[in-house]
Amino acid sequence: QVQVVESGGGLVQAGGSLRLSCAASGSIVSINAMGWYRRAPGKQRELVAVLTSGGSANYADSVKGRFAISRDGVKNTVFLQMNSLKPEDTAVYYCSAAVIATMSASGDYWGQGTQVTVSS
């Protein structure tokens, strides 16, 4: 089995910063990509940023220039550095990992989510 666990959410004032972390563990052979998604109240889940094993990063237009995704490949951990936060960034942030695993456990795995609240 594979587990994905996020951490680092919280309450911050507009203009502030937060750093989210996500660790994947279990019967992992390799990870093709890890990314962050978010769901704001009353809205659908949307992609925030994704990082492939080859190092290619993609960002939602709304976060370009403010957020940065990075990865510790040795530890199967991905980070999301969020700067210049805005109230509209308030959402539950979810981590996803596209995993190649043993025991027929390959697939996409999701964390439980971490709340980010930006006050104005």
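Trainee: Is Met103 buried or exposed, and what is its relative accessible area?
Mentor: This is a predicted model, in which local features need pLDDT of at least 70 and side-chain atom pairs count only at pLDDT 80 or more, while totals for chains, interfaces and linings use all residues. Residues are numbered from 1 along each chain as its sequence is written, and side-chain values use heavy atoms, with hydrogens and water left out. Buried means under 20% relative accessible area, exposed over 50%, and partly exposed in between, with a 1.4 Å probe and protein chains only. Met103 therefore counts as exposed, its relative accessible area being 75%.

Trainee: Where is Met103 found?
Mentor: Strands (E, at least two residues) and helices (H or I, at least four) are DSSP runs numbered from the N terminus. Met103 has a positive phi of about 55 degrees although it is not a glycine, whereas most residues other than glycine have a negative phi. Its place in the chain is the loop between E9 and E10.

Trainee: How many bridges join E9 to strand E10?
Mentor: Two strands pair if DSSP finds at least two bridges between them. Within the hairpin of E9 and E10, 5 residues lie between the strands, and Ala97 has Tyr109 in E10 as its bridge partner. E9 and strand E10 (residues 107–110) run antiparallel, and the number of bridges that join them is 4.

Trainee: Which residue in E11 is the bridge partner of Ala91?
Mentor: E9 also pairs with E11 in the antiparallel sense, over 3 bridges. The residue of E11 that bridges to Ala91 is Val116.

Trainee: Which residue in E9 does Tyr37 stand opposite?
Mentor: E4 and E9 run antiparallel and are joined by 10 bridges. Opposite Tyr37, the residue in E9 is Tyr94.

Trainee: Which residues touch the most other members of the largest nonpolar core?
Mentor: A nonpolar core is a set of buried Ala, Val, Leu, Ile, Met, Phe, Trp, Tyr and Cys residues joined through side-chain atoms within 4.5 Å. The largest core holds 33 residues, and those that touch the most other members are Trp36, Leu80, Met82 and Tyr93.

Trainee: Which strand gives the most to this core?
Mentor: Strands that each supply at least two residues of this core include E1 (2–7), E4 (28–39), E8 (77–82) and E11 (114–119). With 6 residues, the strand that gives the most is E9.

Trainee: Which residue does a disulfide join to Cys22?
Mentor: A disulfide, taken as a pair of cysteine sulfur atoms within 2.5 Å, occurs once, since a search of the whole structure finds 1. The link has -80 degrees about its S-S bond and is left-handed. It connects distant parts of the chain, strand E3 (residues 18–26) and strand E9 (residues 91–101), 73 residues apart. With S to S at 2.0 Å, the partner of Cys22 is Cys95.

Trainee: Which residue in E8 does Cys22 stand opposite?
Mentor: Cys22 is buried at 1% relative accessibility, and E3 pairs with E8 in the antiparallel sense over 6 bridges. Across from Cys22, the residue in E8 is Val78.

Trainee: What order has the open sheet of 4 strands?
Mentor: Strands of a sheet pair through backbone hydrogen bonds, either parallel or antiparallel. In this open sheet the pairing is antiparallel, and the order is E1-E3-E8-E7.

Trainee: What does the twist average from one strand to the next?
Mentor: The edge strands of this sheet are E1 and E7, each pairing on one side only. Axes are lines fitted to C-alpha atoms, for helices over the stretch in contact, and angles run from 0 to 180 degrees between N-to-C directions. From one strand to the next, the twist averages 15 degrees.
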